[in-house]
Amino acid sequence: MTETREVTAERGPFFFKRELGKEEGEYKLVGREIERPDAFSKIMGLTKFTADRLTEDVCFGKIVRSKYPHALIKRVIVDEALQIKGVLAVITAKDVPGENQIGYAIPDQPLLADKKVRYIGEPIAIVVAENEYAAEKGVEAVKVEYDPLPAVFDPLEALKPEAPKVHEKGNVALTTIIRKGDVEKGFKEADVVVENIYYTQRQEHAYLEPEAAIAYPEGDGIRVVLCTQSPFLVREFVSRVTGYSQSKIKVIGAPAGGAFGGKDDMGPMVASKAALAAIITKKPVAIILDKEETFVASNKRHPAIIRYKSGATKDGKLTAVEIEIIYETGAYANRSPFVLWRATVHSAGPYVVPNAKVDGKSVYTNKVFSGSFRGFGDPQIHFAAEQQMDELAEKLGIDPVEFRLRNVLKEGTRTVCNQLLEESVGMEETLKKVAEAANWKKKREELKKYRKGSKVRGIGVACAYHGISTSRGVPDWSAAAVLLNEDGTITYRSTITRLGQGSLIGHAKIVAEILDIPLEWVHIEEPDTSASPNARPTHGSRGLMTGGTAAADAALKLRRTLIKLASELLNCDEKNVKLENGKAFCALDPSNKIEFSELAKETYQRGYQPAYYGFYFVPRRYFDPETGLGVAYCVYTYIANIVEVEVDKETGEVKVLEAYTGADVGKAIDPGLIEGQMQGALAQGIGYAISEEVAFNDGKIINPNYTDYIIPTVKDVPRKVKVVIIEKPYSSTAFGAKGVAEAALIPTAPAIANAVAHATGVRVRNLPLTKEKVCFKLKEGKK
Amino acid sequence: MGKKISFILNGVKREVYVEPNELLLNVLREKMGLTGTKYGCGIGECGACTVLLNGNPVLSCLTLAMDVDGKELVTIEGLAQEELQIIQRTFLEEGAVQCGFCTPGIIIMAKSLLKNKTNPTEEEIREYLKGNLCRCTGYVNIVKSIKRAAGKACKKC
């Protein structure tokens, strides 16, 4: 195996200190918490989400969905629907001018089902009408004749040879593998071995804003406005479906009311339908899902079945893991190749394991497709890995934090994929700091007192790591544009989208810091594929790390131009020109200065280039998919969570009383935004751990609403939440930043399960930890 | 065509024709151009469509437009008439806003809470807001904002 490194420019903290001539403490924006510039319009109710942009001329598209989990489509009868007043068109697969194909990595998913349906809720036709009411009537009037087929709802059933085939080529969408060292030898060396099976459930994103897209025919092209995580990916899919060239498609990324991965997958699907409807009817068309549709037909977090065997020596060193992973992808593969690979390469947790045998399978069933969801395969695998760690620690009689510390990845160690970690590895420090914040040792002892009566308390820990950007050798890059206006303000363009996380605010801070101007001078344009460079998707916690580094690249180019220009204007050597507080001056004589607005004017007057394209290509190296060895990700974010829980032994209710979450984020561009991401991810993780589960009856989702699908309310979250930020900068990115948006969710469920085990002595290996399950386990435990 | 109703909307008298089955949420968003009030679930589960009707919070997705005839309505757009409400200010300062979709409903509820109870305890805040879902923030900074707003003199609340 080769380990050649592609040459990339060093851009980490030292580079920026040198380039800007400042110490980190002198930064005005980077590293400091600010009031979000986008919050004002939100507290005034003035932010325009997609559905807030409807005008009177916009028609509505509503979707005819499959009523069967698995059936052949005999006929779609649309005549009656077309008779309804206001109905303009009923669009079926045969009307698709381009490719009727929306599969992300594997071409297995039609935009509109034509020959067969594979899950309840699958789109078959789009009814377009002048108003929403007529469109709904139209949907009811479309008759679909089906030939029902036997269906399969369980991934283990689906793997049997006699199982109904969801797809012709069989029910295994793909497999993954890691072969490292000698597992047999590893287990022989172990003094304790623990083997268990873990089950995790489907989780729904449950963002408040339903998926929405409005498409407008414009000249010989089309414009689509929608809540999306990747305007350019939407453009690619709209082009594929409509046959329009990409240059004739303009995609605007409106602010999203939450996304969490869901709108990464759903954006292209909803936009393509709206675009199709607009092209066919020659009218602007909006497709806005209602809440039930969102629950029924949007992608979900993959349910998993994980068999996990791990061994350790009596001095507390891991020797081997043997893991079988089954991720249920539902009716279509969607993002499964990426989700399963991510789970596979993170399967040992953030620890050194010399011997590993890992086999992953992604399996089709007749249920709604799985896909992207904050954590992207890592929450499931860490749920297993981190409970294994606790069980090994318990068997060895070593404190769980101590046991982890003996095995954590450090600089110079290798991951389960044999990837050498050269820098920015903050697992040890993160775990230590979080344990300190939680007062771990004392609490772990003290809580043993809460063992009498029906309510008992426990404290649990879990760690995680999460690769940023794309996995394996898959290329990843980002771009941004900075334009200096004649009055000295900056127009900033990127297609990283606004999901509430605030990545673009981070970009603007980076640009303003590099130019040393007030943040208000940087105007963030709405992401637009016809005007903004392709920053690629807002996923994989990459929005700030990759997009922000591209922003820095553009801003640095402008900075160098301005320094050259100022040198000319001030008659001062370039090395003595300083940019500070919206001015340029000569360090030898600070009174020899020029205002930024003057500088901007002169940029144009003297023929200097006023706009720059910034580009960042993520370092990548060799990865061998045949052995699962190599460089899986360029860099990782390391996370530790500690939670204190109370378990009601009568009812089985688990309450999280306190939570401590810490992450090594490289460099915190904005600690406030990071805290926000971690607090939110933690709450989503608590929902995942305790209450959230998409429930089915014969392939039909039976809890498609907030009453039956329980996400945490303000009463269900811990009263005390503490966020710890660790900074181990990464040398390849702007100021050393890594990603953080997904981080805190990943170890939340295992930390809770470990705390419940500490409180009750009973281990639940099946998510979510509902009252029923905990009660049942407690009764079982008593026997 | 429907029936003409008149009501005070954000301090201004307005008249509009509504159908008997038309929901207040749709009238606000489609006929009044006030899109700050959000459609989240449409069935009264999420709280994103909360508005103040005669000073009390109601879910506009479950309220018939006809029912506001002759009454006074305040939406998020009308909350800050001359200056920001204290609760809006603390929301800014505490970073209580992420995607902003639940924000209008939560600010309306918080305003209503502080009007009825100038100094609520944390548990009272949580109890009052339990019908407003937020999927982004984990509620940490939202609760902090309301606690801080509660501590302040709130003459206009």
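1. Let's start with how helices α11(A) and α19(A) cross: the crossing is right-handed. Keep in mind that this is a predicted model. The two helices cover residues 378-396 and residues 748-760 of chain A, and their axes come within 8 Å, crossing at roughly 35 degrees.

2. Who meets whom here? On the α11(A) side you'll find A:His382, A:Phe383, A:Glu386, A:Gln387 and A:Asp390, and facing them in α19(A) are A:Ala749, A:Pro750, A:Ala753 and A:Asn754. Sorted by class, this contact of α11(A) with α19(A) has 4 nonpolar, 3 polar and 2 charged residues.

3. Now have a look at α1 (residues 13-20) and α16 (residues 545-570), also in chain A: their axes come within 12 Å and cross at roughly 20 degrees. Angles under 35 degrees count as roughly parallel, so α1(A) is roughly parallel to α16(A). The crossing of this pair is left-handed.

4. The class count for α1(A) with α16(A) comes to 5 nonpolar and 3 charged residues, with no polar ones.

5. Last stop: A:Val631, in the loop between β25 (629-630) and β26 (636-648) of chain A. Is A:Val631 buried or exposed? Its relative accessible area is 8%, so A:Val631 counts as buried, the cut-off being under 20%. Leaving out residues up to four places away in sequence, A:Val631 touches A:Gln419, A:Arg472, A:Arg621, A:Tyr622 and A:Phe623. Check A:Ser471 too: 160 residues separate A:Ser471 from A:Val631 in sequence, but in space they are 8.4 Å apart, C-alpha to C-alpha.

Note on methods:
Residues numbered from 1 in each chain as written. Chains lettered and ligands numbered in written order. Predicted model: local features only at pLDDT ≥ 70, side-chain atom pairs only at ≥ 80, totals over all residues. Heavy atoms only, no water. Helix = DSSP H or I, 4+ residues; strand = E, 2+ residues; numbered from the N terminus. Buried < 20%, exposed > 50% of the residue type's maximum accessible area, 1.4 Å probe, protein only. Contact = heavy atoms within 4.5 Å. Axes fitted to C-alpha atoms, helices over the stretch in contact; angles between N-to-C directions. Left-handed = near helix turned anticlockwise from the far one by under 90°. Nonpolar A, V, L, I, M, F, W, Y, C, P; charged D, E, K, R; others polar. Parallel < 35°, antiparallel > 145°, perpendicular 65-115°, else oblique.
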